[in-house]
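Here is a guided walk through one structure. Please keep the sequence and the 3D view at hand while reading.

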There are 2 protein chains.
Amino acid sequence: MTEPLNLRIPGPTPLPDAVREVGSQQMLNHRGPEFRDLISRVGERLQRAFRTRNDILTLTCSGTGGMEAAIVNHLSPTDPVLAVSIGSFGDRFAKIAQRYGADVVRYDVEWGNAADPAALADALRAMAQAGRPARAVLLTHNETSTGVTNPLAELAAAARRAAPDSLIIVDGVSGLGAVPFEADAWELDVVATGSQKSWMVPPGLAMVSVSARAWQAAERATMPRFYFDLAEARRFLGKGETPWTPAVSVLLQLDVALELLEREGYEQIFARHAACGAAARAGLKAMGFRLLADHHHASNTVTAAWLPEGVEWSGLNRLLLDRGLVLAGGQGKLAGSILRIGHLGAVSVADVVSAIETIERAAHELGLPLELGAGPRAARSAAHEAVPTPA
Amino acid sequence: MTEPLNLRIPGPTPLPDAVREVGSQQMLNHRGPEFRDLISRVGERLQRAFRTRNDILTLTCSGTGGMEAAIVNHLSPTDPVLAVSIGSFGDRFAKIAQRYGADVVRYDVEWGNAADPAALADALRAMAQAGRPARAVLLTHNETSTGVTNPLAELAAAARRAAPDSLIIVDGVSGLGAVPFEADAWELDVVATGSQKSWMVPPGLAMVSVSARAWQAAERATMPRFYFDLAEARRFLGKGETPWTPAVSVLLQLDVALELLEREGYEQIFARHAACGAAARAGLKAMGFRLLADHHHASNTVTAAWLPEGVEWSGLNRLLLDRGLVLAGGQGKLAGSILRIGHLGAVSVADVVSAIETIERAAHELGLPLELGAGPRAARSAAHEAVPTPA
């Protein structure tokens, strides 16, 4: 198996050495004292990262499992739900709710754009006027398929004003921990994220925060759940355990990674991601690639760009892999049309510049008209001038 | 954190060095060529271990998630289901089916005993006569809470005769890979197991086999599922992927562990577990402990014993932990009444004898009347005489 030199997909992200190393630790008893300490420490660290005093439950599953848990614990079949979709993961969120019988109304945004707070409020008011006020709004924080970060603070505020009784349920999988996020200040009821994204940990854990309002809704919610029953997870967390055997090794790694993140400091982490995002966008543009995302809402964790005329993803990807660079292609209807650079978690500007260099060389080999060196130069310069996203 | 010297709970089980070490590998792209090779190799190895040609899907979750997947993909609400429970995990299987709306009829067996094939057949015939023939029978292979292995071949044969159209759905979490198992020869439709048991891998993965008959049932089954949708998992497996980001590090470890198991050979593994089971039972009996399991059906992966009169679990457990031995207590209604020794996965007779020695010294310190050395001696001698369980 060849070791990838530069894994730049939007998750799993590269593991820092300290996180890698703890992955080889021997097993421990998940119903013993070491585990109790571990899960309590991880919980407190996650509360600081989510900026919340709400309960945070750690589930053994992917981020999609966390999204499912966020829905099935708080809603009942036939509940009216507004699903705001700006891409493939927004579609997935809507689909989960539908699968469990919710009456889903969609507010769809053209891929590459962010959702608009005023349009969101209109959609919620229309539902109320039709006598079917939304029980929940499903929002994506950072859309991995398009590289767009929604203006979540504004969207949540608009939702709260237009539908005060509605729950705000957030897919925070690919942004939380890398860009500013305020679960309590933004009054987010349920937020789900996944270990393999900005947390610099292997996949296997989803972390879900639940507000008091959402716990109340859970008591009445009748969508069926067993493995993803968050009330059961909370009951066990009270004794320092999980209801079912958790992914112990990934949790040990998450503990170490959260310590590294706190040592760096979240403000510093947000600035680093802002610089990496700016570098990725500037580098691609300097090579003549057109970016997918509206530049007002371009994500600092993943950048998507249209493939230039005549360039096929499979051919380009082969050249990139030969040079040790692993990117992601497009998802869903964007498959074969775009490339995506993941720049979240353990990533530096140098990593992004190196990826841009590799893409430039591969594009040059494919005969694209470009000036060698322009991409990396633009990337470096943009990183230097980048300003962190304000909270 | 103190490293446990002898982790003897029924999962997570200790990791062999080679499995531990691969846990520190760097991440890879779960939609790339290395992953395709990995999941295809693991699938073939699992088919040899399950003794099946059926599809095997690998899900990121605990064994309980695997049990949920085994139910929700193949049944509809109001479907009549016979749940055969011989302990806590049998109860859990029934509860999952009920939670998703199945019409569950129970055949309950006193804890410590195995289910009886004739009684199972009677229960199935009674359901058919009442005009509600069972769509599925839920069976536990090895009941972790009581240390009992069901006569699965006989139970499955009785079920097939009494209710030919019923699916046979098996919780194979804590026995498969350690004691003889024949998914195809016994005509088992759905079998779920978990990585942290006999597979010598950290928790995080459930592996589920699905027969052609079960796939047909899945097409009509209306219990809601998204994360646990096995048809979606099969569709992605066809291109060497999983629908959602899988626990990559645990899967890398499972690959290495399966290679170790195949190198040892399953016949040899079954003999080793038979010897360990015999040692555990003989050692505990020689110290005056009464075993929970009917001796005809005592498990070779976990042994449960009643705590002697006057011995409290918390006090005994503290003495054991001080000596580096980690055992499990009782679950559900057996909490505080029993101890359980896990002897599955990476376990040798020497490990079991060492555990017996430690228990003997702790029991002696608590003032129990026993002859020091008798337990380990009996354990060693029983291991020597043990005969592997026939398939």
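**A pair of helices, an interface and a buried helix**

In this predicted model, L38(A), R41(A), V42(A), R45(A) and A49(A) of helix α2(A) meet L251(A), L252(A), L254(A), D255(A), L258(A) and E262(A) of helix α9(A). Sorted by class, this contact between α2(A) and α9(A) holds seven nonpolar residues, four charged ones and no polar ones.

Two packed helices are described by the angle between their axes and the distance between the axes. Here, α2(A) covers residues 33-50 and α9(A) covers residues 248-264; they pack at an angle of about 40°, and their axes are 10 Å apart. The crossing of α2(A) past α9(A) is left-handed.

The next topic is how the two chains meet. In chain A, 47 residues are in contact with 47 residues of chain B. Helices α1 (17-22), α3 (63-72), α4 (88-99) and α9 of chain A each give at least two residues to the side that touches chain B. Of these, α3(A) supplies the largest share, four residues. By class, the side of chain A that touches chain B consists of 23 nonpolar, 18 polar and six charged residues.

How are the two copies related? Chain A is superposed on chain B by a rotation of 180° with 0.0 Å of shift along the axis, and the RMSD is 0.0 Å. The two copies are therefore related as by a two-fold rotation axis.

Now turn to helix α3 in chain B. Is it mostly covered or mostly open? Helix α3(B), residues 63-72, is mostly covered, with 10 of its 10 residues buried. Among them are G63(B), M67(B), E68(B) and I71(B). The elements that cover the buried residues of α3(B) include the strands β2 (55-60), β8 (167-171), β9 (190-194) and β10 (205-210) of chain B, together with the helices α4 (88-99) and α8 (230-237) of chain B.

A last stop is D351(A), which lies in helix α12 (residues 349-365) of chain A. D351(A) has 18 C-beta neighbours inside 10 Å, so it counts as partly exposed; a buried residue would need 20 or more. The C-alpha atoms of D351(A) and N6(A) are 7.3 Å from each other, although the two residues are 345 residues apart along the chain.

Methods: Residues numbered from 1 in each chain as written. Chains lettered and ligands numbered in written order. Predicted model: local features only at pLDDT ≥ 70, side-chain atom pairs only at ≥ 80, totals over all residues. Axes fitted to C-alpha atoms, helices over the stretch in contact; angles between N-to-C directions. Left-handed = near helix turned anticlockwise from the far one by under 90°. Contact = placed C-beta atoms within 7 Å. Nonpolar A, V, L, I, M, F, W, Y, C, P; charged D, E, K, R; others polar. Least-squares fit on C-alpha atoms with pLDDT ≥ 70 in both. Buried ≥ 20, exposed ≤ 12 C-beta atoms within 10 Å, placed from the backbone.
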